[in-house]
Amino acid sequence: MMVMRTRCGWSSAMAASAAVLVVVVVGGVMVAPAAGELARVEHPAKEDGSLTVLAVGDWGRKGQYNQTLVATQMGVIGEKLAADFILSTGDNFYNDGLTGDNDTASFQESFTNIYTADSLQKPWYIVLGNHDYTGDALAQQSPAIRAVDSRWTSVNKSFIVDAGIAEFFLVDTVPFVQKYWNESKFDWRQVAPRDTYLSTLLTDLGDAMAQSNATWKIVVGHHTISSGCEHGNTSDLVAMLLPVLKTYGADMYVNGHDHCLQRITSIDSPLEFVTSGGGSRAWAGKFKQTSDKLEFIYDGQGFLSMQLTEAEASFAFYDVTGAVLHSWQLTKSTSTN
């Protein structure tokens with residue numbers, strides 16, 4: 001059985017060349033996972049078993065709206081915490097994604113030329129946002145884009161990053177949102193028909209989560225499930241995705257879409273909803289109600305760090321000065337996964 005894989009043993013010195021995916025290939029073509037499987041990227045934790053991840057979303061504005069300030073502090077914190085990789089929660093290129101896999105100027109102006117710190121020369125694992133879908137929605141998975149900057153790792157619209165102690169289930173949430181299907185500007189190639197795409201994705205996600213032995217199961221998507229910021233809850237995800245997360249024991253759902261930083265705890269499960277959508281333009285003063293418990297909210301720019309071990313996980317939000325806005329810890333029994 002062939003599964004798309006890459007093994008990433010990273011240092012900043014080797015990132016430029018080593019970030020190119022090493023995958024199963026036949027005749028130079030990337031082989032898709034077997035039916036019923038999400039693509040999988042293997043990224044081992046550090047030798048001591050720990051893992052550090054940064055997460056940022058809604059950033060791609062060619063350095064404007066404090067994107068460069070957020071990037072600078074990500075570099076500082078990334079070095080301090082020895083970040084292993086970065087998660088992007090989507091809306092990577094405003095306003096309408098990339099025009100194609102030859103749109104290297106936009107790609108470099110919003111990504112390569114912004115996130116220049118040595119500590120950020122690590123793999124970036126990518127989900128798409130709604131703004132990415134209004135351009136060429138396939139471009140960001142193209143080898144041509146990855147050839148421009150080998151940190152860029154978007155092997156499929158949904159895939160798994162397997163770090164041993166943690167598995168990150170990256171989910172393509174844009175097709176879930178019914179109202180987008182009434183707008184002609186969205187690029188639905190390789191997605192339509194919607195019902196078939198979503199049914200397959202949810203089945204594959206549920207199977208992968210059920211089979212996971214990771215201590216931490218973290219699901220990453222662009223759209224909110226539970227949110228107290230401008231967009232509020234996404235009803236389509238509440239109806240379709242949330243039950244899978246609860247059934248198969250997700251510890252956390254990390255998203256963007258709302259241009260804020262927030263932490264919400266579920267009122268009826270151990271699940272936490274964490275928004276890291278402060279990569280550039282923020283929406284000051286725009287709030288909505290959610291039925292879950294709002295633990296923290298910040299209507300400005302910033303990003304998230306995660307430090308994971310088998311026994312505990314520490315999280316923190318940072319602003320554009322690098323100040324810690326909110327931090328918290330979760331623990332796990334070392335006798336169970």
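Author: Gladly! Let me start with a definition: contact means heavy atoms within 4.5 Å. In this predicted model, D91 is in contact with D58, W59, G60, L128, G129, N130, H131, D132 and H222, leaving aside its neighbours within four places in sequence.

Reader: Why is D91 called buried?

Author: Buried means under 20% relative accessible area. D91 has 1% relative accessibility, so D91 counts as buried. Its place is in the loop between strand 5 (85–88) and helix 3 (104–112).

Reader: And Y94, buried or exposed?

Author: Y94 has a relative accessible area of 14%, and the cut-off for buried is under 20%, so Y94 is buried. Y94 also sits in the loop between strand 5 and helix 3.

Reader: What makes the link between the side chains of Y94 and D91 a polar contact?

Author: The limit for a pair of N or O atoms is 3.5 Å. The side chains of Y94 and D91 make their polar contact at 3.3 Å, which is within that limit. Leaving aside neighbours within four places in sequence, Y94 is in contact with D58, W59, G60, R61, H131 and H259.

Reader: Which residues does UniProt list for "binding site"?

Author: The unreviewed UniProt entry lists D58, D91, Y94 and H259. They are spread over 202 residues of sequence, yet they cluster in space, with a largest C-alpha distance of 13.2 Å. Of these residues, D91, Y94 and H259 are included in the lining of the second largest pocket.

Note on methods
Residues are numbered from 1 along each chain as its sequence is written. This is a predicted model: local features need pLDDT of at least 70, side-chain atom pairs count only at pLDDT 80 or more; totals for chains, interfaces and linings use all residues. Side-chain values use heavy atoms; hydrogens and water are left out. UniProt positions are given in the numbering used here, feature names are shortened, and annotations may be inferred rather than shown by experiment. On a 1 Å grid over the protein atoms alone, a cavity is a set of points where a 1.4 Å probe fits but cannot get out, and a pocket is an open set with protein on both sides within 12 Å along at least five of seven lines; lining residues have an atom within 4 Å of a point. Helices (H or I, at least four residues) and strands (E, at least two) are DSSP runs, numbered from the N terminus. Buried means under 20% relative accessible area, exposed over 50%, partly exposed in between (1.4 Å probe, protein chains only). A polar contact is a pair of N or O atoms within 3.5 Å; within protein, one must be able to donate a hydrogen and the other to accept it, and residues adjacent in sequence count only if both atoms are side-chain atoms.
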